[in-house]
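Let's take a walk through this structure together. Have a look at it first, and then we'll go from the overall layout to its pocket.

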Amino acid sequence: VATILSLCSFIDMTPVPDTRIVYIIPEGWEFGYTITQVIKQSHIVLHTEENYINLDIFSCRPFSRQKVRGFCKVNFHMTKIRTRVFDRKFGKEMRP
């Protein structure tokens, strides 16, 4: 929970109580945690698996993708990061 709240602060988003954490019991390849944080600007969802995370930041307020990448490298010890950014207004993928 502290890491998600730190991310909110780091990218200037306002968290709305309460952070929700769900553990998916191992069943085949599906397992790990899903952490959902509602923010004033929309939501942040983090899915974890062994050696893998998927972070979804859905926001009507612009934020720095580079800051998020740096945050993930430091806080999740990521060595390989792939990002995709979609323009909410037009629903299309934006180039890095």
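Here is a short tour, starting with the chain as a whole.

Keep in mind that this is a predicted model, where local features need pLDDT of at least 70 and side-chain atom pairs count only at pLDDT 80 or more, while totals for chains, interfaces and linings use all residues. Residues are numbered from 1 along each chain as its sequence is written, and side-chain values use heavy atoms, leaving out hydrogens and water.

The chain has two helices and six strands, and from the N terminus they come in the order α-β-β-β-β-α-β-β. These are DSSP runs: H or I of at least four residues for helices, E of at least two for strands, numbered from the N terminus.

How much of the chain is buried? Of its 96 residues, 24% are, where buried means under 20% relative accessible area with a 1.4 Å probe, counting protein chains only.

Now for the largest pocket, which holds about 1200 Å³ of space. A pocket here is an open set of points on a 1 Å grid over the protein atoms alone, where a 1.4 Å probe fits, with protein on both sides within 12 Å along at least five of seven lines; lining residues have an atom within 4 Å of a point. The volume is the space filled by probe spheres set on the points, which are joined across faces, edges and corners.

This pocket is lined by 30 residues, and L55, R82, T83, R84 and V85 lie closest to its centre. β4 (52–59), α2 (65–75) and β5 (85–87) each supply at least two lining residues, with β4 giving the most, eight.

Methods
Buried means under 20% relative accessible area, exposed over 50%, partly exposed in between (1.4 Å probe, protein chains only).
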